[in-house]
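Q: Please walk me through how to read this structure, one feature at a time. Start where you like.

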Amino acid sequence: MSASWPLWEVFVRGKRGLNHVHVGSLHAPDAEMALRNARDVYTRRNEGVSIWVVPAEAITASSPDEKDPFFEPSGDKVYRHPTFYAIPDDVPHL
Amino acid sequence: MSFDNAYEGLIDQEDSHWAFGTGFHSALEGVDREVPPGVDPADLAAYCLMLGDDALVLSQRLAEWCSRAPELEEDIALANIALDLLGQARLLLTRAGEVEGAGRDEDALAYLRDEREFRNVRLSEIDCGPGPGGDFATTIVRLLVFSSWKVAQFSRLRGSADPVVAAIAAKGLKELAYHRDHAAQWAVRLGDGTEESHRRMTAAVDRVWPFVDELFRTHPVEARLGGVAVDPAELRSEVDGVLDAVFTAATLTRPEPVPTAFVAGQAGRDGVHTEAMGFLVAEMQHLHRSLPGAVW
């Protein structure tokens, strides 16, 4: 792969999907071409989907080495979670 | 809705297939397939063959790029465009066969006609690469010209008096608009890219342009099918406008070449093709000719 075609991460929202979901990555020379490539590779052009492309280098990820200090403090504190309420049946997607 | 599976939120409805394979419907669902009153079935069949052969032959040409495009993503894009065109060809050849009423289906029309019976414009058959016949730039210029012409043609055909042609045009127009956009993007990138890519684009334009004139010549079948067909002469100014805009952005100039000659007034629409066509047809039809009557 030539250095001039950087990596892009692709997020897609389906016609009735609520969120953009990370579906994969691809190489493209710029954002416009990344969008078009993402359409071909990941959506088969079914109308009504939304695509986001992000240069991979723009994403900052949490480090696996820091997993414990990062996430564990919340693991044993049940009072951090608002789980003591009855959720009404007619409230979806909560 | 949980998102344990990355694709769960993307699927439209109950479907066992992987994401996005849902929600498709046939472009011809519920469309009346009777030949409209006052339309000559032979002319309508001939016209559908012209349109279908344009798409079939260019699809075959683009398929030759499989695994040979400059980048993986572009390989997929060219295959995608080829598949769109093949889909258009299937609908149009099926329509030609049913209107003709001689029992020929899309396969019979694709695989059991000789070179002289094909009605595509010569632009779609010439070898624009990969290989010695051209390169990526040549393929892009051909695609740009072809899709700009087809967008103009199909946008008018949506109002065709033949409901099947109108429905095929409505479906195909969205695809062709994408093809044109894709080709235009590349034309600008390559034309306004490096010195070498600009040189190749200039050579590509010179190679393709002699076949442009034929696109706007009115065939007698088109002249007789007023209301059903589009007179290609009417498309010229719209197509020129699109190409001018792309060429300006791509820092290219349009040549004024001598159009490729007709033979006794005949060209692709009459079954008079370039020397490339026989080889293309031979390769495309080889298996069907070797195993006649085989089902796949």
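Q: What follows helix 2 of chain B?
A: Helices and strands here are DSSP runs (H or I, at least four residues, for helices; E, at least two, for strands), numbered from the N terminus. Helix 2 of chain B is followed by G101(B). The phi of G101(B) is positive, near 70 degrees.

Q: What kind of model is this, and how are residues and chains labelled?
A: The model is predicted, so local features need pLDDT of at least 70 and side-chain atom pairs pLDDT 80 or more, while totals for chains, interfaces and linings use all residues. Residues are numbered from 1 along each chain as its sequence is written, chains are lettered from A and ligands numbered from 1 in the order in which they are written, and side-chain values use heavy atoms, with hydrogens and water left out.

Q: How many residues does helix 2 of chain B have, and what does it span?
A: The expected span is 1.5 Å times one less than the number of residues. Helix 2 covers residues 72-100 of chain B, 29 residues. From first C-alpha to last it reaches 42 Å, close to the 42 Å expected.

Q: How do I read a pair of packed helices?
A: Two packed helices are described by the angle between their axes and the distance between the axes. Axes are lines fitted to C-alpha atoms, for helices over the stretch in contact, and angles run from 0 to 180 degrees between N-to-C directions. Take helix 5 (residues 163-191) and helix 6 (residues 195-208) of chain B: their axes come within 7 Å and cross at roughly 125 degrees. That makes helix 5 of chain B oblique to helix 6 of chain B. The scale: under 35 degrees is roughly parallel, over 145 roughly antiparallel, 65 to 115 roughly perpendicular, the rest oblique.

Q: Which residues make the contact between helix 5 and helix 6 of chain B?
A: Contact means heavy atoms within 4.5 Å. Helix 5 of chain B brings A187(B), R189(B), L190(B) and G191(B). Helix 6 of chain B brings S197(B), H198(B) and M201(B).

Q: Is D162(B) buried or exposed?
A: Buried means under 20% relative accessible area, exposed over 50%, partly exposed in between (1.4 Å probe, protein chains only). D162(B) is buried, because its relative accessibility is 0%. D162(B) sits in the loop between helix 4 (136-157) and helix 5 of chain B. Beyond neighbours within four places in sequence, D162(B) contacts E34(B), P36(B), L44(B), R95(B) and V228(B).

Q: Which residues does D54(B) touch?
A: D54(B) belongs to helix 1 (residues 41-63) of chain B. D54(B) is buried, at a relative accessible area of 0%. Not counting residues up to four places away in sequence, its contacts include R119(B), N120(B), F146(B), W149(B) and R269(B).

Q: Where does D43(B) lie?
A: In helix 1 of chain B. D43(B) counts as buried at 8% relative accessibility. Leaving aside neighbours within four places in sequence, D43(B) contacts V221(B), R224(B) and L225(B).

Q: What pattern does chain A follow?
A: Along the sequence, chain A reads β-β-α-β-α. Its secondary structure comes to 2 helices and 3 strands. Of its 94 residues, 29% count as buried.
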